[in-house]
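Biologist: Hello! I would like to learn how to read the features of a protein model. Could you take me through one?

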Amino acid sequence: MINLTPKKICTGCGACVKICPRQAITLKPDKEGFLYPSINESLCSHCSLCVQKCPCLKTASIVNHNLYFGAHSKEPSIRSLGSSGGIFPLLAIHVLQQGGIVFGACLMEDGSVAHNGIERIEDLDKITKTKYVQSNLSNVWETIQTSLAEGRIVLFCGTPCQTEGLQSYLGKDYSNLFLIDLVCYGVPSPEIWQRYINFLQRKYASKPLMFYFRDKCNQDNGHTVKIQCKEKEYTYSVYKDLFLRSYFKNVNIRPSCYHCSHCTVLRKSDITLGDFWGIERIRPLFDDGMGNSIIICHTTKGKALFNAIEEQLFWFSCEEQDILQPRLIEPTKYPLLRWFYMLLYRILPFSLWIRLF
Ligand SMILES: Cc1cc2nc3c(=O)[nH]c(=O)nc-3n(C[C@H](O)[C@H](O)[C@H](O)COP(=O)(O)OP(=O)(O)OC[C@H]3O[C@@H](n4cnc5c(N)ncnc54)[C@H](O)[C@@H]3O)c2cc1C
């Protein structure tokens, strides 16, 4: 019997599902609503490819010659498309203009969050902006592989565990693949999120058509939640949203996030993007409430991609210590009472449980 990656460190990237030559692995939700691989023993040939290729079990030493930048898009409408400085939308437009295909996380009609590929600039708003929910990659693996094989430029943006999962699945470097990963606080449970959307539907007597986790309408660097229902729009502080409160209390995030090995400036991607918190200390004029990004170029390919958009940015180069923030130093802390909150999650009605926050 194959012993899959321990739950404590499994990020649920799904690479093992795709790598298995006998389709013996599927992802199944656990009691907290996170997806974990499960093996159908009757199909498994014990080749152990799933374990050999699992990115969570690999300890590669990474050597980066990083370049650090602070930036935001010059064009306000593009800056507004992103949660920070609108760097991802600019990179995406550049790749789309070359006939490439861009992959990012999309809030689907049923409320779930899943990665999708887009080929037209008109579709960009589907995959921009931060969604604080673990995104499902299962729809995109084959399209990415086929597009790369056809020689198309592919831009993929996701959490660092997702870009690493993709690299494991692909098994080799592609000169036409650009990998962007994010500074990441941790990913919340897709099931808790789905139940929250249902809770909001009852509360507002209308299905939320769109949920913006980080809206900038109040010029507060995206500290506003905006919910679009059919006839009405609701906006309030992120600190008042019950789902985000459970997130910021570190309760609803995936167990592996508390042991994340990517909370560092050393990455296997080409570029890392994040919020430039603390920019007011080093570039006060950049801090106009509309969001700024940190950009870390790890590879020459990443730097070339940055160079392709630099004229469309207000930017400055800086030192590592200028951009450092908690999630580039250590993982989010495991809250002592997490086990208790999760026990209650299983026994209380959701509408009561979410009000604990
Ligand atoms: C779960 C999560 C936690 C984060 N935590 C931090 C943090 O602690 N500190 C920090 O500095 N920055 C964090 N970020 C990154 C930050 O919020 C911005 O996404 C980043 O600065 C890029 O902003 P942008 O304006 O350039 O473009 P945006 O358009 O905002 O770029 C967002 C990119 O992230 C992708 N994305 C959105 N949601 C998800 C998701 N759930 N899973 C995978 N990919 C997703 C989108 O597809 C898009 O490619 C986090 C992002 C996510 C998704």
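Modeller: Let us start with strands: two strands pair if DSSP finds at least two bridges between them. Strands themselves are DSSP runs, numbered from the N terminus. Please keep in mind that this is a predicted model.

Biologist: What is the bridge partner of aspartate 215 in β9?

Modeller: The partner of aspartate 215 in β9 is threonine 224. The strands β8 and β9 run antiparallel, and four bridges join them.

Biologist: How many bridges pair β9 with strand β10?

Modeller: Five bridges, again in the antiparallel sense, pair β9 with β10, which covers residues 233-237. For example, valine 225 has tyrosine 236 in β10 as its bridge partner. With four residues between them, β9 and β10 form a hairpin.

Biologist: Why is strand β9 described as largely enclosed by the rest of the structure?

Modeller: Look at burial here, where buried means under 20% relative accessible area. Four of the five residues of β9 (residues 224-228) are buried, so the strand is largely enclosed by the rest of the structure.

Biologist: Now to charges. What can side chains of opposite charge do?

Modeller: Side chains of opposite charge can pair when their charged atoms come close. The count in this model comes to 14 salt bridges. In one of them, glutamate 142 meets lysine 18, with the closest N and O atoms 3.2 Å apart. Glutamate 142 belongs to helix α6 (residues 141-149) and lysine 18 to helix α1 (residues 15-19), so this pair ties together parts that are 124 residues apart in sequence.

Biologist: Are glutamate 142 and lysine 18 buried or partly exposed?

Modeller: Glutamate 142 is partly exposed, at a relative accessible area of 41%. Lysine 18 is also partly exposed, at 26%.

Biologist: Which residue forms a salt bridge with arginine 79?

Modeller: That is aspartate 288, and the closest N and O atoms are 2.8 Å apart. Arginine 79 sits in helix α3 (residues 76-81), while aspartate 288 is in the loop between α10 and β12, 209 residues apart. Arginine 79 counts as buried at 7% relative accessibility, whereas aspartate 288 counts as partly exposed at 31%.

Biologist: What describes a pair of aromatic rings?

Modeller: The distance of the centres and the angle of the planes describe the pair. This structure holds 28 aromatic pairs. In one of these, tryptophan 193 and phenylalanine 211 have ring centres 5.0 Å apart and planes at 80 degrees, so the pair is edge-to-face. Tryptophan 193 is in helix α8 (residues 190-204) and phenylalanine 211 in strand β8, and both residues are buried.

Biologist: Are the rings of tyrosine 196 and phenylalanine 199 stacked or edge-to-face?

Modeller: Their planes are at 20 degrees and their centres 5.7 Å apart, so the pair is stacked. Tyrosine 196 and phenylalanine 199 both lie in helix α8, three residues apart, which is about one turn of the helix. Tyrosine 196 is buried at 2% relative accessible area, and phenylalanine 199 is buried at 6%.

Biologist: Which residue lies over the face of phenylalanine 314?

Modeller: Lysine 74 does, at 5.6 Å from the ring centre. In another case, lysine 301 lies over the face of phenylalanine 178, at 5.5 Å from the ring centre.

Key:
Residues are numbered from 1 along each chain as its sequence is written. This is a predicted model: local features need pLDDT of at least 70, side-chain atom pairs count only at pLDDT 80 or more; totals for chains, interfaces and linings use all residues. Side-chain values use heavy atoms; hydrogens and water are left out. A salt bridge is a side-chain nitrogen of Lys or Arg within 4 Å of a carboxyl oxygen of Asp or Glu. Helices (H or I, at least four residues) and strands (E, at least two) are DSSP runs, numbered from the N terminus. Buried means under 20% relative accessible area, exposed over 50%, partly exposed in between (1.4 Å probe, protein chains only). Rings of Phe, Tyr and Trp (its six-membered ring) pair if their centres lie within 6.5 Å; planes under 30 degrees apart count as stacked, over 60 as edge-to-face and the rest as tilted. A charge sits over a ring if NZ of Lys or CZ of Arg is within 6 Å of the ring centre and within 35 degrees of the ring normal.
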